[in-house]
Amino acid sequence: MRLQSGRLAAPLTVVLLGLTACTSHGSSGAGPTTSAATATSAAAPTSTAPPSPTVTTTPPGPPKVALPWGGRQILPKYRVIAYYGNGQSKALGVLGHTSPDQAALAVAAEAKKWATPTRPALGALELIATLVDGYAGHDGDYSHDSTPDQIQPYLDAATKNNQLLILDIQPGRQDFLTVVKRYEQFLLKPNVGVALDSEWRMGPDQIPAKVRGHVTAAEVNAVTAYLSKLTVSHGLPQKVVVLHNFTQQMILDRANVKPRSGLAIVWHFDGHGDRNNKLFGYNLLKVKKPFFNGFKLFLAEDINIFQPSEVEALTPPPDFVSYQ
């Protein structure tokens with residue numbers, strides 16, 4: 001203990017008074033005890049109770065929502081195997097050849113071929129929700145949206161079979177964010193993600209199939225910022241966002257695309273052709289963490305189509321594989 005001026009004065013006084021009293025009164029202790037107590041009381045500093053600390057509480061966040069089959073993470077826990085297309089046309093992919101329920105069962109069987117002891121496979125239906133058109137339409141945007149009644153059966157089939165539903169957007173002359181927001185009622189579901197099909201993002205004077213479209217990193221970031229906020233604010237599980245591309249120019253300023261909280265962003269190579277061209281394209285456009293890689297297999301256009309074991313042998317192995 002440190003000696004401080006004035007702090008030991010009172011105790012010393014008490015001791016001295018006690019000795020004096022004992023000498024004067026012999027064995028009687030009443031007087032000295034009273035004098036010592038009085039001296040101590042007079043010399044002790046007045047104590048003030050410290051103020052109670054201010055307690056601040058953080059408002060509870062939204063309840064955490066699980067995926068229909070449990071858990072909250074999709075990538076890299078699973079490898080996603082998707083069937084792509086639109087029920088309105090057989091020419092647009094696998095989903096145009098069968099009903100939503102049949103498609104869900106078929107992709108579930110396909111996913112089993114991709115499962116490994118260390119990485120399970122997860123089925124998905126990638127539905128073209130906004131479809132590009134070769135004509136302007138009454139609003140001049142060269143695309144049209146699916147109705148909720150057209151989308152709901154695919155969501156029901158995916159949910160019933162513990163799968164994802166990915167809403168693919170071909171916006172024509174519209175910007176991606178404007179179109180994506182129109183599907184918010186579905187995006188609030190825990191197993192619904194988004195795909196941005198940059199090939200079909202037209203400029204104000206461009207016509208689909210006459211010119212190849214592209215999107216800027218800034219526009220991609222605007223979409224992912226909206227989806228991230230939606231996911232986090234509603235306590236939703238990880239949401240998959242697929243960026244379709246098969247040339248470097250289809251997503252401009254690629255290095256400026258940002259990762260986002262709550263999202264698994266997949267750079268999906270969807271070029272078709274022979275094996276050498278597909279390998280060249282995948283190696284050119286592949287990305288590193290925190291992003292994920294995707295690879296598309298075309299049942300009609302690919303020459304000598306890759307088998308699951310061959311796709312899994314790519315470096316790095318794709319996290320998202322789709323069939324068209």
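In the predicted model, R119 counts as buried because its relative accessibility is 13%, under the 20% limit. R119 sits in the loop that runs between α3 (100-112) and β2. Beyond its neighbours within four places in sequence, R119 is in contact with L75, P76, K77, Y78, R79, W114, P318 and D319. The side chains of R119 and D319 are joined by a polar contact of 2.8 Å. Between R119 and P76 the C-alpha to C-alpha distance is 8.6 Å, with 43 residues separating the two in sequence.

P76 belongs to the loop between α2 (30-43) and β1 (79-85), and the peptide bond that joins L75 and P76 is cis, with omega about 5°. A cis peptide bond also joins K289 and P290, where omega is about 15°. P290 is placed in the loop between α8 (275-285) and β10 (292-297). Most peptide bonds are trans, and most residues other than glycine have a negative phi.

Y142, which is not a glycine, has a phi of about 60°. This residue is in the loop between β2 and β3 (143-145), and Y142 counts as buried because its relative accessibility is 11%. D253, likewise not a glycine, has a phi of about 55° and lies in the loop between β8 (251-252) and β9 (263-269).

The largest pocket has a volume of about 490 Å³. Its lining is made up of 24 residues, of which Y84, W200, F298, E301 and Q324 are the closest to the pocket centre. Strand β2 (residues 121-132) supplies the largest share of this lining, with three residues. Divided by class, the residues lining the largest pocket are 12 nonpolar, six polar and six charged.

The second largest pocket has a volume of about 150 Å³. Its lining consists of P76, V287, K288, K289, F291, F292, N293, P316, P317 and D319; by class, six of these residues are nonpolar, one is polar and three are charged. P76 and D319, both in this lining, are also among the residues in contact with R119.

Conventions
Residues numbered from 1 in each chain as written. Predicted model: local features only at pLDDT ≥ 70, side-chain atom pairs only at ≥ 80, totals over all residues. Heavy atoms only, no water. 1 Å grid on protein atoms, 1.4 Å probe; cavity = no way out; pocket = protein on both sides within 12 Å on 5 of 7 lines; lining within 4 Å. Points joined across faces, edges and corners; volume = space filled by probe spheres on them. Helix = DSSP H or I, 4+ residues; strand = E, 2+ residues; numbered from the N terminus. Nonpolar A, V, L, I, M, F, W, Y, C, P; charged D, E, K, R; others polar. Buried < 20%, exposed > 50% of the residue type's maximum accessible area, 1.4 Å probe, protein only. Contact = heavy atoms within 4.5 Å. Polar contact = N/O pair within 3.5 Å; in protein donor to acceptor, adjacent residues only side chain to side chain.
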